[in-house]
Amino acid sequence: MKYHSVLNSSPTLSFREALFAGLAPDGALLVPETTPRLLSDAGRSTSLHQIGLDVLSLFVDEIPNQKLLSILRNAWNFPIPLVKLDEGIFLLELFHGPSLAFKDIGVRFMAHVISHFLEHHHQELTVLVATSGNTGSAVARGFYNVPNISVAIFFPSEKISRLQELQMTTLGGNITAIEVEGTFDDCQRLVKRALADPVVQRHRTLTTANSINVGRLLPQIAYYGWSIAQLQRQFGVSESPLVVVPSGNFGNITAGVYAKWMGMPLRGFIAATNANDGVIHYLHTGEFVPADTIRTISNAMDVANPGNLARLQCLYKHDVRLLRNDIDAVSISDEETIAEIRRTYETRSTILDPHSAVGVAAARKAQQWMTNAPPIIVTAPAHPAKCADIVQEAIGTTIPLPSTLQESMNRPTHTITMPARYSEVRRLLIS
Ligand SMILES: *Cc1c(COP(=O)(O)O)cnc(C)c1O
């Protein structure tokens with residue numbers, strides 16, 4: 001498989017090159033040259049790792065299948081269960097990895113693949129990441145102590161939870177946490193600019209671990225197949241599900257759309273957003289109107305200008321009517337999110353994190369609109385303890401912190417603070 005820029009369809013990079021480059025030479029996002037079809041029984045295999053192999057062997061030419069399977073087993077050493085939440089609504093719990101958010105799934109695959117390639121080529125690599133909260137902690141934990149790699153994480157000042165901040169700033173070692181006096185979109189802009197800066201490239205080999213890297217995006221396709229396998233086997237449901245994906249930068253949902261194009265039986269998608277809902281207007285009009293980022297309680301989804309939209313537009317040849325056949329979008333307010341956390345706790349004794357609650361609230365709306373609604377899977381992106389303050393206030397009781405989170409609260413922090421100015425970023429990277 002070759003990868004090319006969303007702006008220019010001439011095939012340019014191999015998987016390995018795409019993984020290390022992060023972005024195309026023209027600074028735009030990379031996409032696979034074609035969307036491969038799965039063999040008829042692939043993607044419905046009996047294990048997550050086998051589905052991962054079925055999917056990723058079609059995208060990664062440079063790693064033999066046996067090695068790829070062992071990478072997947074090491075990277076995904078935690079369960080991804082599907083649980084029934086309510087009549088017709090299932091939760092795919094993507095948060096059982098070390099940082100307690102779904103980003104572990106893509107990030108850990110990427111870290112293990114990079115480590116595999118570096119072993120062979122004796123390279124040093126700097127990984128740049130912009131985070132609205134959970135990417136940073138997943139990347140910090142996924143890459144911590146991986147040899148020959150240093151990581152710089154850019155996060156917006158005072159816009160992420162204390163716990164998310166501590167998960168990135170307390171590791172030290174090869175992990176540098178940079179607090180930017182600005183928004184997530186500022187952080188993303190700074191990282192994109194550094195990746196395309198020839199001056200910095202003379203000093204370092206750079207890549208990014210944002211969801212814009214194909215090394216993170218593609219592995220996420222696998223769990224869509226795994227959710228269908230579980231729906232059929234555990235719950236005897238064979239109808240194709242609708243999938244509700246709580247969305248920020250739209251990486252997760254883009255992986256789901258690839259899964260559908262590859263032939264997995266998925267009915268379609270609903271992007272559940274918070275107040276940062278520019279995509280709704282886009283789906284209606286075909287025009288994306290840039291807006292300022294709005295701060296919400298589902299802060300990992302506070303993204304005004306979702307990077308992966310460019311990939312979806314490329315896939316659907318910029319025809320928003322075609323895109324609309326597969327994707328709808330629903331915006332959920334903070335009040336509705338809190339009400340959903342409370343309602344699900346009171347009626348099902350299940351504690352949702354705010355991001356998952358945005359998804360469940362959207363799923364309930366979809367059920368109401370549709371006559372004969374299909375089964376709905378909500379991808380649950382984070383463990384409730386990651387946003388404990390908000391959750392505890394909503395349900396009126398305390399929830400225990402998992403031990404990994406408890407540990408990070410007690411360690412000293414290492415943070416560099418800077419304004420949202422590119423010259424500062426360049427100075428740091430060439431020093
Ligand atoms: C990253 C993240 C999201 C948004 O995912 P995208 O792939 O950027 O759309 C939603 N919820 C949580 C908890 C996250 O960490």
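Student: Is Gln-164 buried or exposed in this model?
Tutor: Keep in mind that this is a predicted model, where local features need pLDDT of at least 70, side-chain atom pairs count only at pLDDT 80 or more, and totals for chains, interfaces and linings use all residues. Residues are numbered from 1 along each chain as its sequence is written, and side-chain values use heavy atoms, with hydrogens and water left out. Buried means under 20% relative accessible area, exposed over 50% and partly exposed in between, using a 1.4 Å probe and protein chains only. Gln-164 has a relative accessible area of 0%, so the word for this residue is buried.

Student: Which helix is Gln-164 found in?
Tutor: Helices here are DSSP runs (H or I, at least four residues), numbered from the N terminus. The run that holds Gln-164 spans residues 162-169, and that's helix 6.

Student: How far is the backbone nitrogen of Ser-161 from a polar atom of the Gln-164 side chain?
Tutor: Think of Gln-164 again, the buried one. A polar atom of its side chain and the backbone nitrogen of Ser-161 are separated by 2.9 Å.

Student: On to the ligand: how far is one of its oxygen atoms from a polar backbone atom of Gly-251?
Tutor: For Asn-249, a polar backbone atom is 2.8 Å from a ligand oxygen. Asn-252 also has a backbone N or O atom 2.8 Å from an oxygen of the ligand. For Gly-251, the distance is 3.1 Å.

Student: And how much of the ligand's 380 Å² of accessible area does the protein cover?
Tutor: Accessible areas come from the Shrake-Rupley method with a 1.4 Å probe. Of the 380 Å² that the ligand has on its own, the protein covers 98%.

Methods. Polar contact = N/O pair within 3.5 Å; in protein donor to acceptor, adjacent residues only side chain to side chain. Helix = DSSP H or I, 4+ residues; strand = E, 2+ residues; numbered from the N terminus.
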